[in-house]
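Hi everyone, thanks for coming.

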Amino acid sequence: MRLRSTEAGWGVLLRTFHWLIAALILAQAVIGLSMVPMGVTPAKVRVFALHKSIGMTILALALLRIAWRMGEKRPVDPAGMPRWQRGAARAVHLTLYFLILAIPLSGWWFNSASNAPLAWFGLFPIPSLTGGYDPVWKPRALLTHQMLFWVLVALLVAHVGAALWHHFVQRDDVLRRMLVGSRERNGGG
Amino acid sequence: MKVALGWLCTAAVVCFAAPALAKTWQVDAARSALTFTNAYQGVPYTGQFRRFTAVIDYDPKDLAHAKFEVTVDITSLDTQNAERDHTALGADFFDTTKFPRAYFVTTSFHQAANGKIVADGTLTLRGISKPVMLDVAFSPQGGAATLDVTARLKRLDFGIGAGQWADPSMIGNDVTVHGHLLLHR
């Protein structure tokens, strides 16, 4: 198992970041969409707290992932991939990186403007971005958080769809190198 | 007869009420505040009651005749969080439909061993009356004075957020109430 990425596949660290963040995003979507209509009970408060804590975890992981990725090789695109597909893939990936920062940040911003508590899994408090209640920015932050989420959903449809298309239609290595890294016979693993 | 009665009343006011009036302060409501601190999900926050009235009879040299009487409009709660305020006024918490006001009145004042003044009183909140102790700090400045009082309460003593909200790790049981009053004659 290679820690670092090569031209043939993603290293174990980036693959871990990718799938961990993917799993947390899926959990956040389910929690986020189901928590809002809940009646006001302690359970709702706990679910909101969980959503906030996972969100801050994603933000931290995204920062670490981007920092690590800066010094990484990028596996080469499959031979014969058209220029527009390479461009589209780059654009989607770049926007996804932006969103895994921007969505937690907008949630943190909304939480701050709401003057709601924020303690990472109840362990330590995370400071406010607005220095207290801010009724002007509160609705804007919420709208930003929600809009960016739906942009993420649309991009993930494209991202997952493209990965499956590469794997099942093009029968290339694009999905495999994110699942298992580079092929064993190419000296990876 | 009417005139005589009138004079008698005036004399009574002058003789008996005047000494009491001499130590009754006017509260400058705009520059006074009734705040409290509590913890929500382990994170401390401060709230306030924007409307309250206080009758302050106080002379540090005459504690025997000192008296505080405070009425708080609970619906004026402001914790700088609209959702939290809305929930806090509901039936699970302050239940302001039934109990829109809190009332505090002192019963006696004494000087503690450390020299500080302590007021004993009764707080009626959410229909429950309990003894409450106030730390009193009074500093006169010419014809005016500032009065700072602090009380440490337990919200569950008054049934605020009992039942499903009782867990003190979610909403702290300890509440520190602080009154900062600007007084003038």
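Before I read out any patterns, one definition: helices here are DSSP runs of H or I with at least four residues, strands are runs of E with at least two, and both are numbered from the N terminus. Please also keep in mind that this is a predicted model.

Let's begin with chain A. How many helices and strands does chain A have? It has five helices and two strands, and along the sequence they come in the pattern α-α-α-β-β-α-α. The C-alpha trace of chain A spans about 55 × 30 × 25 Å along its principal axes. Of the 189 residues in chain A, 23% are buried. If you take the contacts in chain A between residues at least 6 apart in sequence, 69% of them join residues at least 24 apart.

The crossing of α1(A) past α2(A) is left-handed. And what sits in that contact? By class, there are 18 nonpolar, five polar and three charged residues.

Next, follow chain A along to helix α4, residues 137-170. This helix has 34 residues, and from its first C-alpha to its last it reaches 47 Å, close to the 50 Å expected at 1.5 Å a residue. Which residues of α4(A) are buried? They are A:K138, A:A141, A:H145 and A:L152. Part of what covers them is α3 of chain A, residues 83-113.

On to chain B. Here the secondary structure comes to two helices and eleven strands. Reading along the sequence, you get α-β-β-β-β-β-β-α-β-β-β-β-β. Chain B has 185 residues, of which 23% count as buried. For contacts in chain B with a separation of 6 or more, residues 24 or more positions apart account for 53%.

Finally, let's see where the two chains meet. The contact takes eleven residues from chain B and 15 residues from chain A. On the side of chain B that touches chain A, the classes are four nonpolar, six polar and one charged.

That's my tour, and I'm happy to go back to any part of it.

Methods. Residues numbered from 1 in each chain as written. Chains lettered and ligands numbered in written order. Predicted model: local features only at pLDDT ≥ 70, side-chain atom pairs only at ≥ 80, totals over all residues. Left-handed = near helix turned anticlockwise from the far one by under 90°. Nonpolar A, V, L, I, M, F, W, Y, C, P; charged D, E, K, R; others polar. Contact = placed C-beta atoms within 7 Å. Buried ≥ 20, exposed ≤ 12 C-beta atoms within 10 Å, placed from the backbone. Expected span 1.5 Å × (residues − 1).
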